Amino acid sequence: MEFLKELKANALVARTAVIAAIGGFLFGYDTGIISGALLYIKKDFHAGSAAQEFIVSSLLLGAVGGALLSGYLADRISRRNTKIISGTVYLVAALGCALSMNTGMLIGFRALLGLAVGTASFVSPLYISEVSPPRIRGGLTSFNQLATTSGILVAYLINYLFKDFAENWRWMLGVAAVPGAALAIGMFSVPKTPRWLVEQRRDDDARDVLRKLRRGSADDDVDRELDAVRRSVESSRSARARDLLTGRARPLLIVGVGLAFFQQFVGVNTIIYYAPTILQQTGLSADSAVSQALSVGITNVVFTVVAVLLLDKVGRRPLLLTGTALLTVALAGLGVYFAVPALRDSAPWMALVALVLYIAAFAIGLGPVFWLMISEIFPQTLRGTAMSVCTAVNWGANFAISASFLSLAGWISRSGVFWIYTALGVVAWIFFSRRVPETRGKSLEDIQEELGADTEAEREPKAA
Ligand code: BGC
């Protein structure tokens with residue numbers, strides 16, 4: 001395959017992307033592990049339902065904070081150094097969670113972990129997209145999403161394997177310290193991104209890094225790439241954060257925030273975290289519900305691999321639109337299934353088929369495309385800030401959906417919730433088809449030029 005061939009030719013970039021994607025792995029692992037760990041924590045700490053909810057949601061709220069704080073850090077101290085900090089915080093917070101003596105401590109350390117998760121969730125794709133050659137940027141940046149889905153799957157497996165250990169939840173939460181340390185240490189061995197270096201007016205360093213990253217390319221090609229980066233940095237140097245609200249960058253922010261919102265409001269984490277509960281409602285025993293839920297985790301990983309291989313071949317839009325259409329059909333299927341009681345006896349397989357279809361469709365489209373797109377569409381000097389806003393919206397929406405699913409299902413019925421998600425899936429599809437641009441194969445600089453996100457400062461002299 002073309003992508004794999006290119007990957008071989010760009011071994012250093014591939015290694016760099018894999019190290020950066022450890023951030024994505026931790027994002028998946030730490031969000032996925034808690035459903036299993038909670039079963040034991042609640043016994044040990046005699047935690048009531050409010051305390052349990054806080055243990056789960058403190059991470060999500062911490063992630064909103066992490067996303068907002070680290071946009072500034074990523075621009076200020078570099079994407080790489082921000083990731084070193086986030087790896088270190090992962091390490092400390094994972095150990096803190098594992099050693100917590102009471103609910104309060106655990107909630108505090110989960111919130112700290114959230115800061116690291118929120119940071120890594122967007123600095124990883126940001127970093128990878130800025131070191132990737134345009135031809136394989138889609139697949140490479142989506143390594144991070146592949147790592148996230150693998151982290152969720154490993155969390156499912158660890159939940160299962162550690163179920164008979166004494167003090168098992170401490171191990172479940174504590175082992176994340178290992179990849180946390182690997183992230184912090186590994187990031188020391190990879191370079192700062194050439195684009196960030198140019199922004200800091202360190203052009204010579206940027207050229208050195210780019211030469212290493214494009215080993216095998218002619219010096220002229222490297223210089224040409226660097227010139228384009230320079231031009232685009234210069235043209236967006238006057239950009240201010242407020243241009244995201246008032247300048248021509250605003251439509252791009254609407255695209256990013258729309259993707260962030262819909263990625264969560266089609267209910268993906270309801271499916272991921274409540275898959276065993278949903279399957280149990282179909283009449284399965286707890287054990288078979290848990291093992292069938294594993295197929296959801298495996299499908300998620302497998303179809304993310306498909307996305308990695310296809311994103312640079314067929315493009316972002318076709319995968320996003322096809323994926324969103326299919327997941328909407330799956331949601332309607334779940335709506336029908338729960339609305340018609342007879343189906344539960346005559347066709348219990350229908351729920352599993354719909355869940356698997358849903359997650360496969362999410363994994364080839366909206367899952368990777370959201371993170372990829374927000375790393376591509378914004379002007380260079382606003383990229384960190386804009387991504388942090390979109391990421392904060394995504395985590396906020398994740399919190400709203402995760403916190404509301406069970407009570408909403410009690411209130412308007414399970415099928416009612418799936419009908420709402422179906423309707424949101426339709427609106428999402430229309431929004432994506434009208435607003436989301438195609439970025440396949442283009443350099444970040446060409447994208448910036450095409451999307452023409454100028455700024456107030458640039459427009460003022462023209463108007464005078
Ligand atoms: C989403 C997460 C979700 C994961 C599932 C990510 O792209 O942002 O909220 O849990 O995909 O694969």
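I began with terms. On a 1 Å grid over the protein atoms alone, I took a cavity as a set of points where a 1.4 Å probe fits but cannot get out, and a pocket as an open set with protein on both sides within 12 Å along at least five of seven lines; lining residues have an atom within 4 Å of a point.

The model is predicted, with local features needing pLDDT of at least 70 and side-chain atom pairs pLDDT 80 or more, while totals for chains, interfaces and linings use all residues. Residues are numbered from 1 along each chain as its sequence is written, and side-chain values use heavy atoms, without hydrogens and water.

**Cavities.** My search of the whole structure gave 3 cavities of 30 Å³ or more. A volume here is the space filled by probe spheres set on the points, which are joined across faces, edges and corners. The largest cavity holds about 190 Å³. I found 18 residues lining the largest cavity, with Phe27, Thr148, Gln264, Asn269 and Phe362 nearest its centre. By class, this lining has 8 nonpolar, 10 polar and no charged residues. I counted Ala, Val, Leu, Ile, Met, Phe, Trp, Tyr, Cys and Pro as nonpolar, Asp, Glu, Lys and Arg as charged, and the others, Gly among them, as polar.

Of its 18 lining residues, Pro134, Arg135, Arg214, Ser217 and Glu225 are nearest the centre. Its lining has 9 charged, 5 nonpolar and 4 polar residues. Helix 14 contributes the most, 5 residues. Helices are DSSP runs (H or I, at least four residues), numbered from the N terminus.

**Helix pair.** I checked helix 5 (residues 49-77) against helix 6 (residues 79-99): their axes come within 6 Å and cross at roughly 130 degrees. That makes the pair oblique, the class left after roughly parallel (under 35 degrees), roughly antiparallel (over 145) and roughly perpendicular (65 to 115). Axes are lines fitted to C-alpha atoms over the stretch in contact, and angles run from 0 to 180 degrees between N-to-C directions.

**Covered helix.** In helix 22 (residues 366-376), I found 11 of 11 residues buried, meaning under 20% relative accessible area with a 1.4 Å probe, protein chains only. Trp371 and Glu376 are among them.

Note on methods
Helices (H or I, at least four residues) and strands (E, at least two) are DSSP runs, numbered from the N terminus. Buried means under 20% relative accessible area, exposed over 50%, partly exposed in between (1.4 Å probe, protein chains only).
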